[in-house]
Amino acid sequence: MTDQTTAVEHDPGATDALLGPDSARFRHDYLEARGLRVAFGGFVAVRDVDLTVAQGDLRFLIGPNGAGKTTLIDAVTGLVPATGSARLGRTELLGRGTHRIARHGVGRTFQTASVFEELTVLQNLDIAAGARRGPLTMLRRRGAVPEAVEQALEVVGLAGLRDTPAGVLAHGQKQWLEIGMLLVQDAHLLFLDEPVAGMTQAEREATGDLLRRIGSQRVVVVVEHDMEFLRAFADSVTVMHQGRVLAEGTVAEVQRDPAVVEVYLGAPAQPGTAATTKEDA
Ligand SMILES: Nc1ncnc2c1ncn2[C@@H]1O[C@H](COP(=O)(O)OP(=O)(O)O)[C@@H](O)[C@H]1O
Ligand SMILES: [Mg+2]
């Protein structure tokens, strides 16, 4: 990581401008999954999952490798067929195509950053913004940088790197760019897959602060295995195991839950050591 990377600070003022100064705009946002089930042939990867996440509740989703975390995200974002129900507010997401779900305000990042490497930071954000602009708006805006893109650059701390090709960004900066792309797409429900893997401590803290600010205005679900990061930033935690929800609560509650300790350590609880091993990479 470069010094430039760690020196970057995300801009809280711009966050208010982009997300709204208070929670009024998205006050009613929540994800509500009921009886969510995904089967691959005869193998059931997600079963009987009930999950409710409200705006303002920064939720971490953890669980051993193969627990079904990514499949759950795939189901809600339309990448794999699922049964049961997954609603954003009153809108049922299951059964819609990925594009309709995205247009309805559901966005995700992938473990491997999926930005356009040859394009600049600004171009990546502009394309993301264009994904929800009609052709007429595109024509009107040609040459001008949309307001939401300018704000997103500030929010994710990449304003100084706007003309840098995304491919040369540090890993952390790519994650921030992806988060910025979700914001300009006006995603109300954001799934982030291991956003701080490979980040420096300073980048982790900047990312945690960023997620807190976004999470106060949007519905945010973070899959993350870094327990220090989880303890610092999670409002609540859902633990999955073998496709089911094993436990849910505050960090302290799930850390002392015997079933969680069993799954992570295969042994009785030892103070301060719960949920630190057997995590997937
Ligand atoms: N496309 C697929 N076809 C068959 N099995 C799959 C597929 N995707 C995931 N699985 C299986 O579903 C289970 C859950 O996987 P996944 O959701 O990736 O777990 P996690 O993200 O919690 O590590 C694993 O056993 C995995 O092998
Ligand atoms: Mg996964």
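Begin by selecting α3, in which Lys69, Thr70, Thr71, Leu72, Ile73, Asp74, Ala75 and Val76 are buried. A residue is called buried if 20 or more other C-beta atoms lie within 10 Å of its own, exposed if 12 or fewer, and partly exposed in between, with C-beta atoms placed from the backbone. By this criterion α3 is mostly covered, eight of its eight residues being buried. Helices (H or I, at least four residues) and strands (E, at least two) are DSSP runs, numbered from the N terminus.

This is a predicted model, in which local features need pLDDT of at least 70 and side-chain atom pairs count only at pLDDT 80 or more, while totals for chains, interfaces and linings use all residues. Residues are numbered from 1 along each chain as its sequence is written, and chains are lettered from A and ligands numbered from 1 in the order in which they are written.

**The whole chain**

Now display the complete chain. There are 12 helices and 10 strands in it, and 45% of its 281 residues are buried. Two residues are in contact if their C-beta atoms, placed from the backbone, lie within 7 Å. Among contacts between residues at least 6 apart in sequence, 68% join residues at least 24 apart.

**Ligand 1**

Select ligand 1 and the shell around it. Which residues come nearest to ligand 1? Of the 12 residues around this ligand, they are Phe40, Ala45, Lys69, Thr70 and Thr71; a residue is near a molecule if its C-beta atom, placed from the backbone, lies within 6 Å of it. Two or more residues of the shell are given by each of β2 (43-54) and α3 (69-76). The most come from α3, which gives three residues. By class, the shell has four nonpolar, six polar and two charged residues. Here Ala, Val, Leu, Ile, Met, Phe, Trp, Tyr, Cys and Pro count as nonpolar, Asp, Glu, Lys and Arg as charged, and the others, Gly among them, as polar.

Within strand β2, select Asp48. Its phi is near 50°, a positive value in a residue other than glycine. Most residues other than glycine have a negative phi. Asp48 counts as partly exposed because it has 13 C-beta neighbours inside 10 Å.

Proceed to Ala82, in the loop between α3 and β4 (83-88). Is Ala82 buried or exposed? With 25 other C-beta atoms within 10 Å, Ala82 is buried. Leaving aside neighbours within four places in sequence, Ala82 is in contact with Leu36, Arg37, Val38, Ala75 and Leu94. The C-alpha atoms of Ala82 and Ala39, 43 residues apart along the chain, are separated by 7.5 Å.

**Helix α5 and its partners**

Next select α5 (residues 121-130) together with α7 (residues 147-155); their axes come within 10 Å and cross at roughly 130°. Axes are lines fitted to C-alpha atoms, for helices over the stretch in contact, and angles run from 0 to 180 degrees between N-to-C directions. The two helices α5 and α7 are therefore oblique to each other. Angles under 35 degrees count as roughly parallel, over 145 as roughly antiparallel, 65 to 115 as roughly perpendicular and the rest as oblique. The contact is made by Leu122, Leu125, Asp126 and Ala129 of α5 and Ala148, Val149, Ala152 and Leu153 of α7. These residues divide into seven nonpolar, no polar and one charged.

In α5, Val121, Asn124, Leu125, Ala128 and Ala129 meet Leu177, Gly180, Met181 and Val184 in α8. By class, this contact has seven nonpolar, two polar and no charged residues.

**Two final selections**

Select Asp186 in the loop between α8 and β7 (189-193). Asp186 has a phi near 65°, a positive value in a residue other than glycine, and counts as partly exposed with 17 C-beta neighbours inside 10 Å.

Finish at His241 in strand β9 (residues 236-241). His241 is partly exposed, with 19 other C-beta atoms within 10 Å. Not counting residues up to four places away in sequence, His241 touches Gly63, Pro64, Ala67, Leu246 and Val263. His241 and Asn65 are 176 residues apart in sequence and 8.7 Å apart in space, C-alpha to C-alpha.
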